[in-house]
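Open the model in your viewer and keep the selection panel at hand. The stops below each give a selection and say what is found there.

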Amino acid sequence: MRLSTVILPVRRWSDGGREVWQRAEELGFHAAYTYDHLSWRTFRDQPWFGALPTLTAAAAATSRMRLGTLVTSPNFRHPVTLAKELISLDDISDGRVTLGIGAGGNGFDATALGQEAWSPRERADRFGEFVGLLDRLLTEDAVTYEGVHYSADEARNIPGCVQRPRLPFAVAATGPRGLKLAARYGQAWVTTGDPKVSNAGGTPAESLEAVRGQLERLGKACADQGRDAGELQKIMLTGFTPDRPLDSMDAFVDFAGRHAELGIDELVLHWPIADSVFEADTALFERIVTETPAQLGAA
């Protein structure tokens with residue numbers, strides 16, 4: 001079981017931003033991620049900075065911890081420009097980058113460029129094309145491709161990623177088409193649990209069973225691709241299930257243990273933000289991070 005954190009890009013770099021990322025490394029987190037959105041829910045009218053510049057600064061301010069997005073989506077990205085930025089970030093960080101990637105949704109990002117929000121079918125179509133083209137752009141020196149939604153004309157990406165054959169993809173998916181992409185292209189799979197359970201006022205036990213079902217479907221998708229599901233890291237971004245793992249040390253150990261038994265091997269905790277949905281006791285948060293790994297066999 002690995003413990004990681006997600007640090008939302010809400011702080012000026014000169015006013016606490018740098019220190020948070022450095023503190024995350026000091027605490028021993030395996031990785032620190034950030035959301036790749038133009039704005040997000042209740043933070044829409046508050047400070048919010050870009051993900052890739054923030055990660056670039058974090059790469060220069062840290063030396064060991066992995067860095068990444070949870071998650072990037074096609075909503076306002078194009079594979080050609082994203083690939084160039086990712087190769088640059090992978091170089092600056094000396095090969096410490098993981099790309100969390102998902103299909104996106106109907107949030108503010110979906111219409112920020114002036115387009116109509118895509119239907120679920122179109123999001124899935126675009127996601128499949130996006131991931132496949134991005135995979136090529138990050139592994140080939142020059143790519144020409146003409147798709148329905150995305151194209152590339154002799155796009156050059158030399159010298160490529162520090163990590164070979166490319167930086168790892170952590171694919172966020174629960175539906176059949178997304179799970180197929182995770183099985184084909186992913187080095188990791190990401191879940192936030194089942195929103196249907198949380199939205200319906202479900203229990204932690206019901207949430208756990210929903211995650212169990214997701215893992216079973218991931219296993220089938222991998223088998224269909226001729227791949228061992230054990231090759232994929234299973235990441236859970238916490239904070240979106242009925243559980244309250246940051247309420248106490250015991251609550252966290254219980255939560256982590258139950259999900260580890262299912263096969264989740266990396267838990268991602270939101271760095272506390274006062275007066276927000278991610279408010280938490282900072283002292284307790286740090287105790288959880290530093291004292292519970294020995295009980296969980298964390299790496």
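Start by selecting Gly239, Leu246, Val277, Phe278 and Glu279: in this predicted model, these residues lie nearest the centre of the second largest pocket, which is lined by 19 residues. Its volume is about 450 Å³. By class, the lining of this second largest pocket comprises 8 nonpolar, 5 polar and 6 charged residues.

Next, move to the aromatic rings. A pair of aromatic rings is described by the distance of the centres and the angle of the planes. The count for this model comes to 11 aromatic pairs. Select Tyr35 and Trp48, a tilted pair with 6.4 Å centre to centre and 50° between the planes. Both residues sit in the loop between S2 and H2, 13 residues apart, and both Tyr35 and Trp48 are buried.

Phe43 belongs to the loop between S2 and H2, while Phe278 is in the loop between strand S10 (266-270) and helix H9 (282-291), so that the pair links parts of the chain 235 residues apart. Phe43 and Phe278 are both buried. To see the cluster linked by ring pairs, select Tyr35, Trp40, Phe43, Trp48, Phe240 and Phe278.

Select Arg126 and Trp118: Arg126 lies over the face of Trp118, at 4.1 Å from the ring centre. Then take Arg166 and Phe169, where the charged end of Arg166 sits over the ring, 3.6 Å from its centre.

Now select helix H2, residues 51-61. Which of its residues are buried? They are Ala51, Leu52, Thr54, Leu55, Ala58, Ala59 and Ala61. Show the partners as well: the buried residues of H2 pack against helix H1 (13-26), strand S2 (31-34), strand S3 (66-72) and helix H3 (79-92).

The last stop is the largest pocket, with about 1,500 Å³ of space. Select Arg41, Gly104, Gly105, Thr192 and Pro195, the closest to its centre of the 44 residues that line the pocket. Which elements each supply at least two residues of this lining? Colour S3, helix H4 (120-139), helix H5 (176-185), strand S8 (188-191), helix H6 (195-199) and helix H7 (204-224) to see them. The lining of the largest pocket divides into 17 nonpolar, 20 polar and 7 charged residues.

How values were computed. Residues numbered from 1 in each chain as written. Predicted model: local features only at pLDDT ≥ 70, side-chain atom pairs only at ≥ 80, totals over all residues. Heavy atoms only, no water. Buried < 20%, exposed > 50% of the residue type's maximum accessible area, 1.4 Å probe, protein only. Helix = DSSP H or I, 4+ residues; strand = E, 2+ residues; numbered from the N terminus. Contact = heavy atoms within 4.5 Å. Phe/Tyr/Trp six-rings, centres within 6.5 Å; stacked < 30°, edge-to-face > 60°. Lys NZ or Arg CZ within 6 Å of the ring centre and 35° of its normal. 1 Å grid on protein atoms, 1.4 Å probe; cavity = no way out; pocket = protein on both sides within 12 Å on 5 of 7 lines; lining within 4 Å. Points joined across faces, edges and corners; volume = space filled by probe spheres on them. Nonpolar A, V, L, I, M, F, W, Y, C, P; charged D, E, K, R; others polar.
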